[in-house]
Amino acid sequence: KSKKSDTIQGVDYTEIDDPRMYADAWSVSGATLSDKIPATDMEEPFYNPHRTYPTNLVFCGGPNARKPSKGTAETSSMRLTYSPKANRDRGFLEAGAAWAVYAALYRSAEDGCDVVLIPFVSGGLYAGPWRSEPNLLDTFTQNIERMLMKGIMPDGTEVPKLAKCFKKVNIVVLKK
């Protein structure tokens, strides 16, 4: 039987009450990505192995506010990462996501990355009851801009400004 802390990180995400606990990131350096050639009328899209570029992959994990259904397995990542506090408190969800993103940006800067693609951390499915709330993506974006340019986190904590470390920071949002 799994324990609540049986995550790869060894953290019991169901018990976190401080959003700074999400300030953790992991990187894989030396990866290679290929250009994706878009589909045409004649052929399907494909990856061009002759047009590659070096990449560092940086991972972080923000709060998961989506309450698992009764049928969700005990060992499911959705159950192991569920945060009841994020489910009840949108501010906690947003602050935890901001700390996760800051950790990923900090790690990216340490790794020498100058262009970063950031997914909508704790958005979409993981936003739980806040998924359809107005301005969730806007607040996420504003939090990133504030931490990069002013070095201020949502809770008012001052952190090193990272804007000078990057040529470009892009937020990637999947279409619904």
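Biologist: In this predicted model, does Asn64 count as buried or exposed, and at what relative accessibility?

Modeller: The model is a predicted one, and Asn64 lies in its loop between S2 and helix H1 (77-80). Since buried means under 20% relative accessible area, Asn64 counts as buried because its relative accessibility is 1%.

Biologist: Leaving aside neighbours within four places in sequence, which residues are in contact with Thr81?

Modeller: Thr81 has its place in the loop between H1 and helix H2 (84-88), and it is partly exposed because its relative accessible area is 22%. Asn64, with its neighbours within four places left aside, is in contact with Thr81 as well as with Met78, Tyr82, Ser83 and Tyr126. Seen from Thr81, and with the neighbours within four places again left aside, the residues in contact are Tyr13, Asn64 and Tyr126.

Biologist: What distance separates the C-alpha atoms of Thr81 and Lys67?

Modeller: Thr81 belongs to the loop between H1 and helix H2 (84-88). Along the chain, Thr81 and Lys67 are 14 residues apart, and the separation between their C-alpha atoms is 9.8 Å.

Biologist: How many disulfides does the structure hold?

Modeller: A disulfide would need a pair of cysteine sulfur atoms within 2.5 Å. For Cys60, which is in no disulfide, the nearest cysteine sulfur is that of Cys113, at 13 Å, and for Cys165, likewise in no disulfide, the nearest is that of Cys113, at 11 Å. The number of disulfides in the structure is zero.

Biologist: Why does Cys165 count as partly exposed?

Modeller: The class called partly exposed falls between buried, under 20% relative accessible area, and exposed, over 50%. Cys60 is in this class because its relative accessible area is 26%. Cys165 is partly exposed because its own relative accessible area is 35%.

Biologist: Which elements give two or more residues to the nonpolar patch?

Modeller: Trp26, Val28, Leu57 and Phe59 make a nonpolar surface patch of about 330 Å². Val28 has its place in strand S1, and it counts as partly exposed because its relative accessibility is 42%. The elements that give two or more residues to this patch are strand S1 (25-37) and strand S2 (46-60).

Key: Residues are numbered from 1 along each chain as its sequence is written. This is a predicted model: local features need pLDDT of at least 70, side-chain atom pairs count only at pLDDT 80 or more; totals for chains, interfaces and linings use all residues. Side-chain values use heavy atoms; hydrogens and water are left out. Patches are made of residues with over 30% relative accessible area and no salt bridge: like charges are joined within 9 Å, nonpolar side chains (Val, Leu, Ile, Met, Phe, Trp, Tyr) within 5 Å. Accessible areas come from the Shrake-Rupley method with a 1.4 Å probe; for residues, only the protein chains shown count as cover. A salt bridge is a side-chain nitrogen of Lys or Arg within 4 Å of a carboxyl oxygen of Asp or Glu. Helices (H or I, at least four residues) and strands (E, at least two) are DSSP runs, numbered from the N terminus. Buried means under 20% relative accessible area, exposed over 50%, partly exposed in between (1.4 Å probe, protein chains only). Contact means heavy atoms within 4.5 Å.
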